[in-house]
Amino acid sequence: MAQAARIGSAAALAAAVAAVAVAGPAAGAADWTVHTYTAAFQPDTLTVAVGDSVTWVNETPARHLLQFSGDPTGAGAAGVQVGLARAPYVMTVRAPGRFPYRCPIHAMYAVLVVAPGAGGGN
Ligand SMILES: [Cu+2]
């Protein structure tokens, strides 16, 4: 009984590992960082590829908002809005396009440009 359960777990684990290998980030996917300062995003224009990840890091004690026009994640939202406090915010981009965003609290503006991925991985 216990032996069968262990074999079952091993098979499930192997399946999970295989699934991750198939569904994981596309080869060559890059990670980018945008720093959020008192009155500006740095860089204020960032061009990435579909499948890349972008991390926003808040370098100030103040809370900021990331208010996007459109949805770079490809989930289809009319606009993505995220509060940026102490913890970084990580987004995997899945939708090609030009996505302006702002922090309305501090009148900060920036643009995320998502180029279509070479592998068509979206
Ligand atoms: Cu702000």
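Leaving aside neighbours within four places in sequence, Phe 99 is in contact with Phe 68, Ser 69, Gly 70, Pro 72, Val 111, Leu 112 and Val 114; contact means that the C-beta atoms of two residues, placed from the backbone, lie within 7 Å. The model is predicted, so local features need pLDDT of at least 70 and side-chain atom pairs count only at pLDDT 80 or more, while totals for chains, interfaces and linings use all residues. Residues are numbered from 1 along each chain as its sequence is written.

The protein chain has one helix and nine strands, in the order α-β-β-β-β-β-β-β-β-β from the N terminus. Helices (H or I, at least four residues) and strands (E, at least two) are DSSP runs, numbered from the N terminus. Of the 122 residues in the protein chain, 18% are buried, where buried means that 20 or more other C-beta atoms lie within 10 Å of the residue's own, with exposed set at 12 or fewer, partly exposed in between, and C-beta atoms placed from the backbone. Among contacts in the protein chain between residues at least 6 apart in sequence, 51% join residues at least 24 apart.

Five strands form an open sheet with the order β3-β9-β8-β5-β6 and mixed pairing. Because β3 (45–49) and β6 (81–84) stand at the edges with a single partner strand each, one side of each is left without a neighbour in the sheet. From one strand to the next, the twist averages 25°; axes are lines fitted to C-alpha atoms, for helices over the stretch in contact, and angles run from 0 to 180 degrees between N-to-C directions.

| Strands | Sense | Bridges |
|---|---|---|
| β5 (residues 64–68) and β6 | antiparallel | four bridges |
| β5 and β8 | antiparallel | two bridges |
| β8 and β9 | antiparallel | seven bridges |

Gln 67 stands opposite Gln 81 in β6, Phe 68 opposite Tyr 101 in β8, and Cys 103 opposite Met 108 in β9. The hairpin of β8 and β9 has four residues between the strands, and Ala 107 takes a positive phi near 50° there.

A nonpolar core is a set of buried Ala, Val, Leu, Ile, Met, Phe, Trp, Tyr and Cys residues joined through C-beta atoms within 7 Å. The largest one has 17 residues, of which Leu 66, Val 93, Phe 99, Tyr 101 and Val 114 touch the most other members. At least two residues of this core come from each of β3, β5, β8 (97–103) and β9 (108–115). β9 supplies the largest share, four residues.

How values were computed
Two strands pair if DSSP finds at least two bridges between them.
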